[in-house]
Amino acid sequence: MEIVKWIGMGFGGVVAAVFCLFVYAFVRMAFVKQFTEMALLKDKTFRVLSPGVRVSESAHQLAPLEYEYAPGAGAVAAAESLLLRPDGLLEADESRFDGDPRKGVLALADPKKDAAWILSESRIYLREGDRIGRELVNFGGTPFTGFGYVAGLSEDWFLVAGDSGAHKYPETMLWQVSRENFETRLLEKNPYFTFSRPPKTFTPSGFEGVLLAIYRGVVSYGFGGDCSRPRYSILRAYTPAYPDGIDLARFSFKAGTIVDVQYQDGTLQVIGDPSRPGAAGKDRRPPRVWNLEMPAELLGSAGQRNAIEAVVAD
C-alpha cells in the first residue's frame with residue numbers, strides 16, 4: 001500500500017507540473033505584448049562600441065514616421081534575381097512552374113573591376129553578357145551553404161546572409177565578403193529576418209564612406225503577420241581609415257530601429273523608429289533622433305590612422 005501511495009503522489013506531482021506548465025504557456029501567449037514590453041525595460045537604450053564615440057539624444061517635434069519608413073537615400077542595391085537555363089543562358093526572373101529546369105541565381109556588380117558576378121548555391125561565377133562564365137570561387141559549404149540575401153556594401157566588400165555550414169540545422173548568419181579575394185568575415189550570428197528587413201546601407205551627403213545598419217535579434221508582440229521588430233540596431237561604418245568596417249554604437253528597440261542616417265557638421269544624425277508592430281495594437285510613435293559624434297581618426301585616411309596608432313603606441 002505504501003508503494004501505491006508513493007506512485008499516486010508521484011503521478012499527482014507530474015499532473016500538477018504539466019498543468020502549471022500549461023497555465024504558464026497560456027499566460028505567456030495571452031499576455032505576450034505585456035511580457036515583451038517588460039523585457040524591453042531591461043535593455044540599455046544605447047551602447048557605445050568604439051572609443052571616442054559619443055551619443056546624445058536631440059529634442060524635436062517630428063511626427064510619427066510612415067509605416068515601414070524607408071527613404072532609401074544612399075542605399076546600395078541588393079543583388080538582382082535572375083534565372084539560369086541548363087545551357088548557361090541567363091533570363092529575367094519570373095514565376096516558374098513545377099519541373100522548370102531553370103534555377104534562381106543572383107547577379108552582383110563589382111564596381112572596382114567593372115564586372116558582374118553570378119552567385120549560385122555556394123559558388124561565384126563571372127558573368128559574360130547574358131551567359132554564366134567561369135567559376136571564380138567555391139565556398140564548399142564553409143562558412144555558409146548557399147546565398148540568401150546578397151547586397152553590395154562598398155568597393156571592398158559585399159554582404160551575404162547564408163546558413164552556416166558548421167551547424168547541423170540551418171542557422172542564418174550575416175557575413176561581409178571581400179571583393180578582392182572573397183575572404184569572409186562574420187558580422188552577426190543572430191541577424192533579424194533578412195527577408196523582411198535586410199541590413200540597410202547609408203551614404204549621407206558629406207560623409208566619406210558607407211554606413212551599415214545591422215539588425216540583431218527579435219522582439220515579438222504576437223504570432224503571425226506584422227508582429228515583430230529587431231531588438232537591436234548596430235551602426236557600422238566603412239571609412240578611408242577603416243575600410244574593413246568598425247562598429248560605432250548599438251541602439252535597442254526602445255531607442256528606435258535605425259531607419260535613416262544623415263550627416264551634418266561632423267556629426268551623424270541617426271533616426272530611430274520606436275513604433276510597435278501592428279500586432280501591438282498601438283498608435284505609431286514619433287521617431288527618436290540621436291546625435292553620434294565620431295573622433296577624427298575614425299573618419300580620416302588609413303595613413304592618418306596608422307600615424308595616430310603609432311603615437312598612441314609610443
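Strand S2 and strand S22 (residues 288–293) run antiparallel and are joined by 5 bridges. The model described here is predicted. Across this pairing, Ser-58 faces Val-289 of S22.

Both strands belong to an open sheet of 4 strands with antiparallel pairing, in the order S2-S22-S21-S20. The edges are formed by S2 (54–58) and S20 (257–264); each has a single partner strand, so one side of each lacks a neighbour in the sheet. From one strand to the next, the twist averages 25 degrees.

The largest nonpolar core comprises 25 residues. Leu-211, Leu-235, Leu-248, Phe-251, Leu-268 and Leu-292 have the most contacts inside this core. At least two residues of the core come from each of the strands in the table.

| Strand | Residues |
|---|---|
| S15 | 210–216 |
| S18 | 232–238 |
| S19 | 246–252 |
| S20 | 257–264 |
| S21 | 267–273 |
| S22 | 288–293 |

S19 supplies the largest share of this core, with 4 residues. In soluble globular proteins, nonpolar side chains tend to be buried together.

What is Leu-248 in contact with, leaving aside its neighbours within four places in sequence? Its partners include Leu-211, Leu-235, Leu-268 and Leu-292.

Methods: Residues are numbered from 1 along each chain as its sequence is written. This is a predicted model: local features need pLDDT of at least 70, side-chain atom pairs count only at pLDDT 80 or more; totals for chains, interfaces and linings use all residues. Side-chain values use heavy atoms; hydrogens and water are left out. Two strands pair if DSSP finds at least two bridges between them. Axes are lines fitted to C-alpha atoms, for helices over the stretch in contact, and angles run from 0 to 180 degrees between N-to-C directions. A nonpolar core is a set of buried Ala, Val, Leu, Ile, Met, Phe, Trp, Tyr and Cys residues joined through side-chain atoms within 4.5 Å. Buried means under 20% relative accessible area, exposed over 50%, partly exposed in between (1.4 Å probe, protein chains only). Contact means heavy atoms within 4.5 Å.
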